[in-house]
Amino acid sequence: MALFQISEPGQSPAPHERRYAVGIDLGTTNSLVACLRNGVAETLPDESGRHLLPSVVHYRSNGKEPVVGYEAVAVAHEDPLNTIASVKRLMGRGIEDVRQLGKSLPYEFIRGDTAMLRLRTVVGERTPVEISAEILKKLKARASESLSAEITDAVITVPAYFDDAQRQATKDAARLAGLTVLRLLNEPTAAAIAYGLDKNPQGVYAVYDLGGGTFDISLLRLNRGIFEVIATAGDSALGGDDMDHAIAEWIMQQANIADDADHRQMRRLLRDARVAKEALTRSERVSLNIDCGKGNSWQGELSRDRLNALIDSLIDRTLSPSRRALRDAGVTTREVDGVVLVGGATRIPRVREKVAQFFGREPLADIDPDKVVALGAALQADILIGNKREEEMLLLDVIPLSLGIEIMGGMVEKIIRRNTTIPVSKSQNFTTFKDGQTALLIHVLQGERELVSDCRSLARFELRGIPPMTAGAARIRVTFQIDADGLLSVSAQEQTTGVASSVVVKPSYGLTDSEIERMLRESIMHASADDVVRKLREQQIDADRLMEAVRAALAADSALLEAKERSDIEDGLKKLEAMRNGEDAEAIKQAIKSLDQTTQTFAQRRMDENIRKALAGHKLEEFDAARDKTP
Amino acid sequence: MRAASGKNYFELFGLPVSFDVDADDLTLRYRELQRHVHPDKFANASDQERRLSLQMTALVNEAFQTLKDPVRRGRYLLDLRGIDMGEETDTAMDPAFLMEQMELRENLDEIRQADNPGKQLAELANQIDQRMLEKIVQLRGALNLDSSKETSRARNLVREMQFLQKMHHEIDNLEEELT
């Protein structure tokens, strides 16, 4: 199997060659991988023709690799503690959050060094990040096999309402799986792309996304290929799983099963509940035959009416975020031009009924709600990897939750408000309160409430290297930046001296870089391969990426360069190419750094040129708009 | 060649430095800028260009938010004229305005206790919107006349409008709590 595409020395891949990047829907219940082939986005099946991969990982003893998907599902009730399902609900979470989720998760949790939780398994402690990485590895392998090429680039979808810690955890999982994340894409936005809503001239659309474990509502304004998310809201701990629990509890009551059912029994009940729920999307009633343990069983029946009564309060919980999103967007349900349904739980007739009632119109559901997110991600991945499309498309997304810092008295001051378009950066000035103070601690929180204790702690940033001055004299400008993935970074500079402070991040629920590096070394996939080979390969991929980018930039805009500048860049390319074909990872790294430096001015000029073009092209647009208005 | 990041927000959008901004035109320019600088257009580019694109898009977003909102736009124009808003040191406000504010605030507290607050909240929000509109007209007048007396009037107006905006936020928050 040809996994690596390696060009002959001195030759780069033909420029017209289509590159592959995949879209991955890393779901609570099921995951999918999709790709654009021959202009059509399609989900990729496994060797048995199944498209969904159950998001379940089973760890095995005696050094065998974990199994993922249907095989893991098959053994879930035999070995519940080593079979992890719905790990997405644990991403970026601490042990206290899990307690809040209740007894519903049948695993053994342990507290690690940070607040990030760990699960005890037969192969040792595993973080949710590592468990998710197993699912991603499986999808990566499936894609590489289907496409007969090593797939390293992916767009991975996350619930729009995921906070920074949950997003970072997802990105870390991708890194562990050997994937480069082109973009973390919000699931409702991905669905909007899949529906081809960009082909509609304009309008406001609502995407209602009820998955296995998360609920999102996004409102988008479409205009000439621009998808502008105007508001998003949701509940990152609400989904079809909760319905299964409600049904399971009802069964326990009916069948007189004690509350302290063991892990295995709980797993069986949840499985039975899910099967019943799914059957009730097609029929009015379903008969139940429940194994109560100790050789006893219970027979009964669940009607759709009864199911509706059990899940109504859960569905109602989706309506309050929906109202909030509408209010934030400043639109009424009447102004919404269409509603799109996403997520397996929107198959439930009662959910459709309630959504239709709320928005006063029948929702769209013509694309398989399980696949729609992966398909949209594949379309976006194809654009991001640089394959051209006929129509231009651009996504403008928002940050779902306000970002703030802790101030006096345990209060939170908001720095960036929710539903602000990303990327965004905001600066804030701080000062010292002691003479000669050289360090400062900034506690960053996410949430809408005023008290620190009611918001979610993201990280503590320690600024070091502040020049010693008298109290209150230093002016430390701290910049909070949120990138297009919705991820936060912080930088700081003392204004009067211009000294940059170093920022040391202590993520509240995340992994540090060194922890990820350690996991990479330890991970089974890499344990068999040589660590040196892995590092070399990583640098080679980076080098190829940079050389291709610089060559493309030269081809497009060399007019912006003077002869000397151009030859410097070309020299840098030659040097990097020579190193890239060698065996020294460190030398490649240095050559990458050097070429990146050499192209600094060029990059700046290209950006200026882009801005000039944007405003020059504007005149034409204006003309078009004026013409559109003329009857 | 001058770096785009060295431009002020108006220059970045290719607009004259003025309080008068056409909202539709601004949005059109914003979208065009986004089409050219957004990180999605540079996902494949070098680290250098990706970083620049991120910074530039954040700047374009911030500039758009500032120019779109009359209060922030007014404040930004005063910034450009080197006027310090002095929020931390200077707390003196027009007594009549302060009285009015106290009344509005009392109203809000009463509504909090009321039986059916939804309608009253909407009315209060309406009142504030109305006042805001009046002040926008005054601010336009003050900013278009570039004298030190008018500039100081503009400064006071911006501060009063910031108060009104804050009130509006509180109303929104209360509405959210109630639903």
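## Two domains in chain B

Let's start with chain B, where the domain assignment gives domain 1 as residues 4-68 and domain 2 as residues 95-178. The C-alpha centres of domain 1 and domain 2 of chain B are 30 Å apart. Please keep in mind as you look around that this is a predicted model.

## A helix pair in chain B

Have a look at helix H2 (residues 23-37) and helix H3 (residues 47-68) of chain B: their axes come within 10 Å and cross at roughly 175 degrees. An angle over 145 degrees counts as roughly antiparallel, and H2(B) and H3(B) are therefore roughly antiparallel to each other.

Which residues bring these two helices together? H2(B) contributes Ala23(B), Leu26(B), Tyr30(B), Leu33(B), Gln34(B) and Val37(B), and these meet Ser53(B), Met56(B), Thr57(B), Val60(B), Phe64(B), Leu67(B) and Lys68(B) of H3(B). Sorted by class, this contact holds nine nonpolar residues, three polar ones and one charged one.

## Helix H4 of chain B

After H4(B) comes Gly82(B), which has a positive phi, near 75 degrees.

## Chain A in outline

Chain A holds 16 helices and 27 strands. Of its 631 residues, 44% count as buried. If you take the contacts in chain A between residues at least 6 apart in sequence, 68% of them join residues at least 24 apart.

The domain assignment of chain A gives three domains: domain 1 (22-196 + 368-387), domain 2 (403-512) and domain 3 (529-609). Between the C-alpha centres of domain 1 and domain 3 of chain A there are 32 Å.

## The largest nonpolar core

In soluble globular proteins, nonpolar side chains tend to be buried together. Here the largest nonpolar core has 194 residues, and the members that touch the most others are Val22(A), Ala34(A) and Ala378(A). Helix H10 (residues 372-384) of chain A supplies the largest share of this core, ten residues.

What does Val22(A) touch? Leaving out residues up to four places away in sequence, Val22(A) touches Val33(A), Ala34(A), Cys35(A), Ala143(A), Ile151(A), Ala154(A), Ala378(A) and Ala381(A).

## Where the chains meet

Across the interface, 42 residues of chain A are in contact with 33 residues of chain B. On the chain A side, the elements giving two or more residues are strand E12 (180-186), helix H8 (304-329), strand E19 (394-396), strand E22 (424-430), helix H13 (531-557) and helix H16 (600-629). H16(A) gives the largest share of that side, 17 residues. By class, the chain A side has 19 nonpolar, eleven polar and twelve charged residues.

Why is Leu396(A) counted as buried? Because it has 23 C-beta neighbours inside 10 Å, and the cut-off for buried is 20 or more. Not counting residues up to four places away in sequence, Leu396(A) touches Ile226(A), Phe227(A), Glu228(A), Val229(A) and Thr421(A), as well as Gln34(B). Gln34(B) also belongs to the H2(B) residues that meet H3(B). From Leu396(A) to Gly23(A) the separation is 373 residues in sequence and 18 Å in space, C-alpha to C-alpha.

Terms used: Residues are numbered from 1 along each chain as its sequence is written. Chains are lettered from A and ligands numbered from 1 in the order in which they are written. This is a predicted model: local features need pLDDT of at least 70, side-chain atom pairs count only at pLDDT 80 or more; totals for chains, interfaces and linings use all residues. Axes are lines fitted to C-alpha atoms, for helices over the stretch in contact, and angles run from 0 to 180 degrees between N-to-C directions. Helices (H or I, at least four residues) and strands (E, at least two) are DSSP runs, numbered from the N terminus. Angles under 35 degrees count as roughly parallel, over 145 as roughly antiparallel, 65 to 115 as roughly perpendicular and the rest as oblique. Two residues are in contact if their C-beta atoms, placed from the backbone, lie within 7 Å. Ala, Val, Leu, Ile, Met, Phe, Trp, Tyr, Cys and Pro count as nonpolar, Asp, Glu, Lys and Arg as charged, and the others, Gly among them, as polar. A nonpolar core is a set of buried Ala, Val, Leu, Ile, Met, Phe, Trp, Tyr and Cys residues joined through C-beta atoms within 7 Å. A residue is buried if 20 or more other C-beta atoms lie within 10 Å of its own, exposed if 12 or fewer, and partly exposed in between; C-beta atoms are placed from the backbone. Domain bounds come from an automatic or database domain assignment.
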